[in-house]
Amino acid sequence: MKNKKHSIYYKFDADTCVKIHYLLILLNSLVLGGGTVALMWIGVLKDNNIIYILSLIIFVVYLFTRYIPGRMLQSVLYLDCDAKKMKEIVWIMENKVKYEHAKTAWKYMRVQATFYMFGCEEESFQLLECCEYVKKTFVNQLTHLSLYLNYYSRTRDWDNYKEVRMELETLPQRYVTSKKGMDGYELYMKGVVAKEKYVSGEIAESRKLCQELLNSNNLNMLNQVAVHSQLAKMDMEAQQYDSAKEHLDFVIEHGGTTYYVEEAKQMLNEIKDR
């Protein structure tokens, strides 16, 4: 089991998290954005090509790092597993950002946060029905389809599940992506197959895939919690209660405010009643 690592936002409330987020954006803009402009002027005034090239390099770095604060903020859900606080943060962000594409991105984040809250899957689905990316990229479509697939899986709507599943399978053929994007896709699909094997009764295959996922270095804490939850259910059905308890303890310790924790507590009570 991997050690728990919290995000920098772990001890703060939603309002403070948003303030820290905008502070990081400001610092990045001042240091890298401002540094780029300053060096470009120095390079022009002194007619120094080396300084001018250095300013261009810093500008490229700025283009790549300007999205980091947003990803860091999302770690409230992916690393801390705090769905409740993530939903509060997103609500604030949606009312602050001006550009429509940014609003849409945060809306999708609200769908995810809501989905992982106990008893809120229908609310998340209603939110999802109102979301659609303007620009259809591989990553955007993977996010969109995976949210539908998660909902249909949780509500056991297998007819709609199969339709979305087919779209997910053909995603790499319809959209271009990077190696990192493909690695993320393959990791997600392995999790999908692990769930499908469990539902179809192929427990040994499902367990093997779950263990492979846990051995992966790219699995965030939220997904680790999901895998441990699934392993616990398999152990409960096999009456392997000691093993199930280990997985359930992990879920409760690391699952934050997600529905996995509530389910884990219910299963632990079942074990105690035996």
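A residue counts as buried when its relative accessible area is under 20% and as exposed when that area is over 50%. In this predicted model, 45% of the 274 residues of the protein chain count as buried.

**Overall architecture**

The protein chain contains 14 helices and zero strands. Its C-alpha atoms occupy a box of roughly 80 × 40 × 35 Å along the principal axes. Among contacts in the protein chain with a separation of 6 or more, 60% join residues 24 or more positions apart. The accessible surface of the protein chain amounts to about 15,800 Å², and carbon and sulfur atoms contribute 56% of that surface. The protein chain carries 35 positive and 34 negative side chains; the centres of these two sets are 7 Å apart.

Helix 3 comprises residues 68-78 and helix 4 comprises residues 83-96. The two helices pack at an angle of about 145 degrees, and their axes are 8 Å apart. On the side of helix 3, the contact is formed by Leu73, Gln74, Val76 and Leu77; helix 4 contributes Ala83, Lys85, Met86, Ile89 and Met93. By class, this contact of helix 3 with helix 4 consists of seven nonpolar residues, one polar residue and one charged residue.

Cys81 is located in the loop between helix 3 and helix 4. Cys81 is buried, because its relative accessible area is 0%.

Most residues other than glycine have a negative phi. Cys81, although not a glycine, has a positive phi of about 60 degrees. Gln239 is likewise a residue other than glycine with a positive phi, in this case near 60 degrees. Gln239 belongs to the loop between helix 12 (221-237) and helix 13 (241-254). With a relative accessible area of 59%, Gln239 is exposed, whereas Cys81 is buried.

The table lists the relative accessible areas of the individual residues discussed in this report.

| Residue | Relative accessible area | Class |
|---|---|---|
| Cys81 | 0% | buried |
| Asn150 | 15% | buried |
| Gln239 | 59% | exposed |

**Asn150 in helix 7**

Asn150 is part of helix 7, which spans residues 138-154. Its relative accessibility is 15%, and Asn150 therefore counts as buried. With residues up to four places away in sequence left aside, Asn150 is in contact with Phe115, Tyr116, Tyr188 and Lys195.

Conventions:
Residues are numbered from 1 along each chain as its sequence is written. This is a predicted model: local features need pLDDT of at least 70, side-chain atom pairs count only at pLDDT 80 or more; totals for chains, interfaces and linings use all residues. Side-chain values use heavy atoms; hydrogens and water are left out. Helices (H or I, at least four residues) and strands (E, at least two) are DSSP runs, numbered from the N terminus. Buried means under 20% relative accessible area, exposed over 50%, partly exposed in between (1.4 Å probe, protein chains only). Contact means heavy atoms within 4.5 Å. Accessible areas come from the Shrake-Rupley method with a 1.4 Å probe; for residues, only the protein chains shown count as cover. Lys and Arg count as positive and Asp and Glu as negative; His and the chain ends are not counted. The place of a charge is taken as NZ of Lys, CZ of Arg, CG of Asp or CD of Glu. Axes are lines fitted to C-alpha atoms, for helices over the stretch in contact, and angles run from 0 to 180 degrees between N-to-C directions. Ala, Val, Leu, Ile, Met, Phe, Trp, Tyr, Cys and Pro count as nonpolar, Asp, Glu, Lys and Arg as charged, and the others, Gly among them, as polar.
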